[in-house]
Amino acid sequence: MIRAGNDYEFIRPILPSDRISVTWILEDMVERPRSGGGTQLFVTAAARYYDEQDILVAVNRETTVYQPLADKT
């Protein structure tokens, strides 16, 4: 597994008194060929952070790449 990047968006400042909840959503999953043969799986997910009034305060979108481990034989 390789972390390929994050993109953060803050809608408003978070305060110490805020009670935050988070919901993760799988946005995309794509299999692509690797240059050395085989394939990689690119997974994009988004975490949406809400305050106690259920108002969106921040979003974290991240991409992770999954690829097979190298054969050690």
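Let me begin with Asn60, which is buried at a relative accessible area of 6%, where buried means under 20%, exposed over 50% and partly exposed in between, with a 1.4 Å probe and protein chains only. This is a predicted model, in which local features need pLDDT of at least 70 and side-chain atom pairs pLDDT 80 or more, while totals for chains, interfaces and linings use all residues. Residues are numbered from 1 along each chain as its sequence is written, and side-chain values use heavy atoms, without hydrogens and water.

Asn60 belongs to strand 4, residues 56–66; strands are DSSP runs of E with at least two residues, numbered from the N terminus. Beyond residues up to four places away in sequence, Asn60 touches several residues, including Asn6, Tyr8 and Trp24, contact being heavy atoms within 4.5 Å.

Strand 2 pairs with strand 3 (residues 39–50) in the antiparallel sense over 12 bridges. Within strand 3, Thr39 stands opposite Pro33.

Finally, the aromatic residues. The structure holds one aromatic pair, for which ring centres of Phe, Tyr or Trp (its six-membered ring) must lie within 6.5 Å; planes under 30 degrees apart count as stacked, over 60 as edge-to-face and the rest as tilted. The rings of Tyr8 and Phe10 have centres 6.4 Å apart and planes at 10 degrees, so this pair is stacked. Phe10 is exposed, with a relative accessible area of 60%.

Notes
Helix = DSSP H or I, 4+ residues; strand = E, 2+ residues; numbered from the N terminus. Pairing = 2+ DSSP bridges.
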